[in-house]
Structures are given as structure tokens and as C-alpha cells.
Amino acid sequence: MYLNLRSHGLGLAMMVLLSACTVQAADDAKTSKGRPKTAAVDVAIAKPNPEQILESFTGTTAPIQEVMVRSQVDGQLQKLAVEVGDRVEKGQILGQQDDGVLTGTVNTARAEREAQVVDVAKVRSQVGAAKANVEQARLALVQAQGNVLQLQNAARANIEAARLEAQQNRQDADRLTQLAKAGATSQQEAEQARTLAQRTQQTLVNTQANSVQEITQAQTAVKTAEQALQAAIAQVDIEQGTVNATQRRVYAQQSVLNQALEQRSFTVLTAPLTGVVMERFSEAGNLLQTGDSILRLGDFKQIKITVQVPARLLSQLRKGQPAKITLNAFPQQKWSGKITRISPLANATSRLLPIEIVMDNLGKVSGGLLARVSFVQPQQNRIWVPEAALQTSQARKGSFSSKPKQPSSDRTSAQQRPQPSTDRNKASATLFVLDKASPQPRVSARPVRLGAQRNGQVEILQGLTPGESFVSRSSQPLKDGATVRLSAISESSSSVHP
């Protein structure tokens, strides 16, 4: 019984609906046969766009600088004082590794260096003794040279005296001999004078010979003193060379000590930058080898985003060019950045170039977020309109139409539907502009010359001036002079600011 009543109610409802549809269709037919239906349109104000937004590309956020803290020595990790998410300052101590073995190495190197310093002091004292010997040898040489001069002066005096005495005795002997012949003196006295003259002559010869011998011995002593001086000087050079060699060993040992000290300093883990701990790879108590990862730090003062851009856009990009950035994690916010690096190498297969963009971070953007980047290119205040605002020009195919899409079965509509122009700079289309002089909203068809097409927008090169009202979307195809009905979302001239 209940089912029968329900079926009966559904049947009555269907009959009412069919009756309403029949009445509405009859009313629509009457309207179409009477007067044409007014088109509802969205009106927009033509505004110059000072910048052009290129295509949008996706990338991933990353810190401007990222550093991996690794173990630089072998040893146990004794302490790790930071956790993931902690903020660290450059130079801050992050942890400590075992330094017992390295401390022993440092002490051994220091003891060896101190022993070599003592050796340097010893050889320097030997250099001092050798220099004293040089001074003694120099004094002996001066004394020997003085002896030579003294002997030479004395020999001259003795020889001169002996010569004068021999000459005088010879003259006396000659005079007495003449007197003896004359009988003025005796032959004995003359003979004595001649004997004395011979004796003094022999004394002269002996004096000359002795002087030559003494001077020769003194000159030999001078040469010996010179040789001793040269030997003493050479010994100083030898001792100084020993000092230099020992000092170089001290320097080498100091380098060994410095290296040991540096190795021990590596056991203290310090932050190489100011940033945030991104990852922690080890725990206290683990035995680490050189090169093992401990922490990953990132500097988030700025955010770096790398996107892959087609090579065809390379001519439109430059270093320092602004970019607009949106993040899926913060859909209501927008960021701005700039290009900091354009890779000189494109992928040989995909023909994509890595482009790096950097933006300032206020402290809430982290790494690994999905980012969408649009590059901004300044332009000469060109006007851009939606593709739906353009209607196919009858004189030229290949522009854009505001007609709604028809089913593929409608052959006539499919033939009239325009395709995007392959030559944007020469394509033309019709744009409907609102006639402000008309008391009722009325549109007039205006041919416009098209430029580039990007992201659903078309550039108007000619035919539309800033401040004019144009139809951005229509409920049905329009004709020149058609009366229209403005929608509630249409822009008014009061909303446009110069």
C-alpha cells in the first residue's frame, strides 16, 4: 500500500515538471520570435601593464647556503649539543670528539721541538767560540806583520851603519897605506888599518845576510798567521751552517707540532655559519671515521630556488631580473626575488637551463617546499586582454573568438571556430568596446592588431587605448551596435586609477 502511494506521488511530480518545461519552452520560443534577447556581458577597463609575466615554472626551496659538518679525525663522538631545528651562530661549539690520542701526539711533537731548540743553543755557542778564534788569529796576523816592518827598519839601520863603518875603515886603510909608502907612518899601522877595513866589510856582509834571514822568517810568520785567520773564518762558517741546519729542523718540528695541534682542534665541532640545524646524522658514543657526516646546517636568511627553463626563453632572461614567487605552503602570500645565476650549460636532451632565483626570507620559509616562479620582464606599457574578449575577424582567419565552444558534432560551428594565429605580430581580431555616448549600454566592434599570447592573455598592439571599456566576456556572440546588459562584476571607470 505504501509503495503504491509513493509511486503515484512520483508520477504526479514528473507530470508537473514536464508541464513546467513545456511552458518555459513556449515562452522562450515566443521571446525569440518577438525581439532578440539582450546579451549579458562582463566589462573591463583597458589598463597598461608595465611588466610582462613570462611562463610559470616550478622548483624547490633551499637555503642560500648549506654546509655539511663532517668528522675530520678518527675518534669517538663524546658530545653533540644541538638538535634538529636549533639555531646556531658561526663559531658556536656544537660537539666534542675524543682527543686523547691526538693530545699525546701534540706532547711528543712539543718535546722534540724543545730538544732541538737546545741543540740550536749549543751550536750557537760553538759559533761564538769560532768567532773568538778568528779575532785571535787576526791579532796574531797584525803582530806578525808588525814584526816584519820592525825587522825591515832595523835591518836598514844596521846595514847602513855597517856600510858607513866599512867605508870609513877602507878610506883609513887607503890613506895609511899611502903614508906608509911615503914613509910617514909604519907599515905595521897600515897593515892593521887594512885588516880592520876587511873585518868591517865582512861585518857588513854578515849584517845584510842576517837581516834578510830575519825578514824572511818574519814574512813566513805573517803567511802562517794569515792561514790561521782564514781557517778560523772557515770554521765560523761551518759552525753557522750547523746552526742554520739545526734551526731548520726546529722549524720542521714546529710544523709537525702545529699540524698536531690543528688535528686536535678538529675534535671540537664548531658551526661554520650562522643558520639552522637541518639534519643530525650521528649520536654521542658513535665511533666516527674521517669524512663521516655529523650535522647538516643551512643559512635561511635568503631562500634559493632553482627552476628548469626552456632555452627559447634565454634571450628574455638576465641576471638581476625580478621574479614573482608563490609557495603551496603559503597560498595566500606572494614573494618577490631576482635571478642570481643563469647556468651556461643546458641539458643536451631536454634543452632546459637551470636558473637560480634568490628571495629574502622573513623566517618562516623552510627548505624543500614546492615553489612556482614567474619571471617579470619590463615592457612599454602594453595593454593585455583575455583571449575570450576577442572575436574572429571576418577578413582574416586565425585570431581568437569569444563564442562558447560547441559540441564536435556541430559541423558548422567547428568550421567557424578559429585557431590560434601562428604570426602573433600580424594577427588581427575584433574587440567590442563600450560606447559611452549611448544612453543605453551599447557596444561597437573595433578591429585590433594582436601581439604575443601568454597565460590566457593577448597583447593589443593597436586599436585600444588605456581607459576604454571593453567586453571581456559575453553570454552570446555580439554584433556592432548591439545593446548589452552589464553584469554585476563589470568594472566601472571610477575603479581605474591613472
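Colleague: Okay, so two strands pair here if DSSP finds at least two bridges between them. With that in mind, what is the bridge partner of Gly-75 in E8?

Modeller: In this predicted model, Gly-75 has Leu-288 of E8 as its bridge partner. Strand E3, residues 75–80, is joined to E8 by 2 bridges, and the two run antiparallel. That count meets the cut-off of at least two.

Colleague: Nice. What order do the strands take in that sheet?

Modeller: The order is E6-E5-E3-E8, an open sheet of 4 strands with antiparallel pairing.

Colleague: And which ones are the edge strands?

Modeller: Strand E6 (268–270) and strand E8 (287–288), each of which pairs on one side only.

Colleague: Switching topic: how many residues does helix H2 have, and how far does it reach?

Modeller: H2 covers residues 100–182, so to speak a run of 83 residues, and spans 124 Å from its first C-alpha to its last.

Colleague: What comes just after H2?

Modeller: Gly-183, with a positive phi of about 85°.

Colleague: Now the rings. How many aromatic pairs are there?

Modeller: The count comes to 2 aromatic pairs. One of them is Phe-57 with Phe-375, a tilted pair with 6.0 Å centre to centre and 45° between the planes. Phe-57 sits in strand E2 (residues 48–70) and Phe-375 in strand E13 (residues 370–386), so this pair links parts of the chain that are 318 residues apart.

Colleague: Are those two buried or exposed?

Modeller: Phe-57 is buried at 9% relative accessible area, and Phe-375 is buried at 0%.

Colleague: What about Phe-330 and Trp-335, why is that pair edge-to-face?

Modeller: Their planes stand at 70°, so the pair is edge-to-face, with ring centres 5.7 Å apart; the cut-off for that label is over 60 degrees. Trp-335 is buried, at 11% relative accessible area, whereas Phe-330 counts as partly exposed at 21%.

Colleague: Which residue lies over the face of Phe-330?

Modeller: Lys-364 does, at 5.6 Å from the ring centre.

Colleague: Last one: where is Pro-354 found, and what does it touch?

Modeller: Pro-354 is in strand E12, residues 352–360. Leaving out residues up to four places away in sequence, Pro-354 touches Thr-306, Val-307, Gln-308, Arg-341, Ile-342, Ser-343 and Leu-345.

Note on methods
Residues are numbered from 1 along each chain as its sequence is written. This is a predicted model: local features need pLDDT of at least 70, side-chain atom pairs count only at pLDDT 80 or more; totals for chains, interfaces and linings use all residues. Side-chain values use heavy atoms; hydrogens and water are left out. The expected span of a helix is 1.5 Å times one less than its number of residues. Rings of Phe, Tyr and Trp (its six-membered ring) pair if their centres lie within 6.5 Å; planes under 30 degrees apart count as stacked, over 60 as edge-to-face and the rest as tilted. Buried means under 20% relative accessible area, exposed over 50%, partly exposed in between (1.4 Å probe, protein chains only). A charge sits over a ring if NZ of Lys or CZ of Arg is within 6 Å of the ring centre and within 35 degrees of the ring normal. Contact means heavy atoms within 4.5 Å.
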